[in-house]
Amino acid sequence: MHKQTAIVLVLLALTASPLLAATVSIPDDMVGVLGDVVTTPISVDDATGYMSCYFKIAYSTDLLDLSAEDVRLGEVISGWTRAEPNIDDASGIAIFSAYSTSPLAKGSGDLFELDFHVAVDAPGVSPLTFVRAELDDDYPTRDGGSIVTAARPGDANYDGWVDDADASILGAHWRMLDGATWGDGDFNGDHQVTDADAAILAAHWHEGTPPPEGSVPEPATTALLAAGLMSLLAGRFGSMRRKRAAG
Ligand SMILES: [Ca+2]
Ligand SMILES: [Ca+2]
């Protein structure tokens with residue numbers, strides 16, 4: 001093949017190929033506290049030039065509840081018109097969309113934010129997946145095989161029971177000051193494992209349902225760890241009191 005012919009063929013192929021598709025995504029592995037709200041962003045890497053978006057997502061209604069007013073426009077499309085969401089509470093399907101009369105000048109960030117209400121007393125895991133996603137007439141790449149875990153405060157290992165196993169996890173990540181997750185012992189979502197998280201764990205000590213026989217720890221270990229946790233907290237609050245008294 002002549003070099004010129006090859007170049008022409010490559011140019012033709014490039015002209016015929018569609019623009020690189022945008023990617024829409026749901027964060028991986030979110031944790032919602034029982035009885036609380038877990039806000040789920042639906043983000044896009046680049047929706048520049050688009051004038052509408054449409055989403056259909058699936059979730060478990062055993063764990064998560066969503067109403068029309070819980071579907072909010074994200075900052076990327078804050079000026080758009082939101083169509084009334086269609087939420088099927090029986091099957092756990094939510095359909096929502098928005099549109100504008102002018103194309104997006106810049107389009108990276110959150111398109112929507114969904115405020116899921118987590119069940120009060122049903123620890124477990126819900127899938128959260130895209131069934132369909134459209135930007136105008138395009139089908140963006142979908143990055144969202146996500147799950148939402150409904151967890152009891154302090155339950156770092158998600159077994160539905162707050163005990164020394166969770167205290168050990170928290171202890172192992174003690175003073176982790178960056179990038180901490182729920183599974184490390186960060187129960188207040190500040191990405192750090194500190195006394196604030198230890199206080200949450202202590203406040204929910206032995207809440208939930210103990211795991212089946214055989215995985216229950218030795219009482220002595222439990223008492224020892226609980227005592228350690230309490231003295232740690234007492235030390236912390238004691239020093240705060242001393243500082244106040246001194247000042
Ligand atoms: Ca646990
Ligand atoms: Ca924390």
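This is a predicted model: local features need pLDDT of at least 70, side-chain atom pairs count only at pLDDT 80 or more; totals for chains, interfaces and linings use all residues.
## Overall composition

The protein contains four helices and 13 strands. Of its 247 residues, 26% are buried. Among contacts in the protein with a separation of 6 or more, 70% are between residues 24 or more positions apart.

## Strand pairing around E3

Strand E1 (residues 23-25) runs antiparallel to E3, and two bridges join them. Strands E3 and E10 also run antiparallel, joined by eight bridges.

Ser 43 takes part in both pairings. In E3, Ser 43 is the bridge partner of Ser 25, and Ser 43 also stands opposite Asp 110 in E10.

## The largest nonpolar core

The largest nonpolar core comprises 47 residues. The members that touch the most other members are Ala 47, Phe 55, Leu 64, Leu 111, Phe 112, Phe 116 and Val 118. Strand E10 gives the most, with five residues. Because domain 1 (19-151) and domain 2 (164-246) both give residues to this core, the core lies between them.

Which residues does Leu 111 touch, not counting those up to four places away in sequence? The contacts of Leu 111 are Ile 42, Ser 43, Val 44, Ala 47, Cys 53, Gly 74, Val 76 and Ile 77. Another, Ala 47, is itself listed with Leu 111 among the core members that touch the most others.

Tyr 158 is not a glycine, yet its phi is positive, at about 60°. Tyr 158 lies in the loop between E13 and H2. Is this residue buried, partly exposed or exposed? Tyr 158 has 17 other C-beta atoms within 10 Å, so it is partly exposed.

Arg 175 likewise has a positive phi, of about 70°, although it is not a glycine. Arg 175 is placed in the loop between H2 and H3. With 9 other C-beta atoms within 10 Å, Arg 175 is exposed, because the exposed class requires 12 or fewer such atoms.

Technical notes: Residues are numbered from 1 along each chain as its sequence is written. Chains are lettered from A and ligands numbered from 1 in the order in which they are written. A nonpolar core is a set of buried Ala, Val, Leu, Ile, Met, Phe, Trp, Tyr and Cys residues joined through C-beta atoms within 7 Å. A residue is buried if 20 or more other C-beta atoms lie within 10 Å of its own, exposed if 12 or fewer, and partly exposed in between; C-beta atoms are placed from the backbone. Domain bounds come from an automatic or database domain assignment. Two residues are in contact if their C-beta atoms, placed from the backbone, lie within 7 Å. Two strands pair if DSSP finds at least two bridges between them.
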